[in-house]
Amino acid sequence: MGMSSRTNPKVAVLMGGLSAEREVSLSTGRECAAALRDEGFEVIEVDCGRDLGARLLEISPDICFNALHGSPGEDGTVQGLLEWMGLPYTHSGLFASALAMDKERSKAAYRAAGLPVAESRLASKADVMAGHVLSPPYVVKPYNEGSSVGVYLVHDAANGPPALSDEMPDTVMVEAFVPGRELTATVLGDRTLTVTDIVTDGWYDYDAKYKPGGSRHVVPADLPAEIFDACMDYALRAHRALGCRGISRTDFRWDEARGLDGLYLLETNTQPGMTPTSLSPEQGETVGVPFGAMCRMLVEDASCNR
């Protein structure tokens with residue numbers, strides 16, 4: 001099922017939601033809604049609550065633009081609702097969304113596709129706080145959340161294990177820390193746009209991602225051709241391995257001292273941020289895809305059975 005043939009399709013922009021990333025989603029949704037209005041679409045902004053199904057029945061949109069971040073908008077749950085209702089939607093489908101959100105299972109898909117990933121394991125929160133699950137340095141993060149909410153870096157000089165907050169889930173991912181540079185590449189449709197080098201003074205955390213001045217983006221990244229090309233290739237292969245649609249953004253760490261052997265794929269985001277400081281819109285602008293055109297492309301790609 002594709003986009004309605006109506007000359008002015010009605011687009012419901014799904015935003016907000018119930019996750020820890022609600023505020024970022026509201027910002028993404030507002031930006032995308034404004035861009036789609038400028039592109040000539042009739043747009044209704046929907047702050048998604050538990051009555052989402054009833055709201056969509058009332059609105060009767062032609063297409064749903066998914067601007068949600070985190071669960072349930074990014075993990076396949078909302079995608080399942082939209083499939084059930086027969087409403088075409090943007091971004092990845094139910095299976096790819098659920099797979100990409102589960103960091104352990106997505107890593108298995110990367111390994112099967114021959115993509116390089118850092119050593120990691122799932123562990124209970126209690127075990128992680130009781131003793132080092134991996135040799136430091138390592139990172140502890142939820143295995144099914146995004147946007148660096150609740151990410152802990154345990155340095156190699158750490159005497160003891162981390163004290164995790166109450167907000168962290170009972171099961172977490174413990175991953176070997178890869179030193180070096182933070183790189184990211186966006187796939188739009190069937191092409192990788194470019195690579196960004198994310199420069200921060202410290203850890204690339206939630207504030208560095210979303211607060212103005214929190215990080216500096218070098219785009220296109222100033223990298224050896226071999227590394228740049230590998231990021232472009234790996235991002236597209238990751239997108240395909242997970243079965244993503246529309247847009248995705250894949251993050252990397254690169255240890256310069258080890259050359260290509262030091263490049264590791266961290267994760268793929270099926271709902272990349274579309275805020276004023278976000279990476280994917282910036283990459284689009286750099287390669288000649290303005291923000292409005294990017295949003296239009298996603299709407300034109302919308303369907304069910306994704």
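1. Start with Arg306: its charged end sits over the ring of Tyr89, 5.9 Å from the ring centre. Here a charge sits over a ring if NZ of Lys or CZ of Arg is within 6 Å of the ring centre and within 35 degrees of the ring normal. Please keep in mind that this is a predicted model, with local features needing pLDDT of at least 70, side-chain atom pairs counting only at pLDDT 80 or more, and totals for chains, interfaces and linings using all residues. Residues are numbered from 1 along each chain as its sequence is written, and side-chain values use heavy atoms, leaving out hydrogens and water.

2. The side chain of Arg306 also meets that of Ser303 in a polar contact of 2.9 Å (a pair of N or O atoms within 3.5 Å; within protein, one must be able to donate a hydrogen and the other to accept it, and residues adjacent in sequence count only if both atoms are side-chain atoms). Ser303 lies in the segment after α10 (291-300); helices (H or I, at least four residues) and strands (E, at least two) are DSSP runs, numbered from the N terminus. Ser303 counts as buried because its relative accessibility is 11% (buried is under 20% relative accessible area, exposed over 50%, partly exposed in between, with a 1.4 Å probe and protein chains only).

3. Now to helix α8 (residues 225-242). Its 18 residues should span 26 Å at 1.5 Å a residue, and the end C-alpha atoms are 26 Å apart, which agrees; the expected span is 1.5 Å times one less than the number of residues. Gly243, with a positive phi near 80°, follows α8.

4. What does α8 give to the largest nonpolar core? This core has 26 residues, and those with the most contacts inside it are Leu183, Val195, Leu223, Phe252 and Leu263. α8 gives the most, with nine residues. A nonpolar core is a set of buried Ala, Val, Leu, Ile, Met, Phe, Trp, Tyr and Cys residues joined through side-chain atoms within 4.5 Å.

5. One aromatic pair is counted. Tyr234 in helix α8 and Phe252 in strand β11 are 18 residues apart. Tyr234 counts as buried at 13% relative accessibility, and Phe252 is buried at 0%.

Technical notes:
Phe/Tyr/Trp six-rings, centres within 6.5 Å; stacked < 30°, edge-to-face > 60°.
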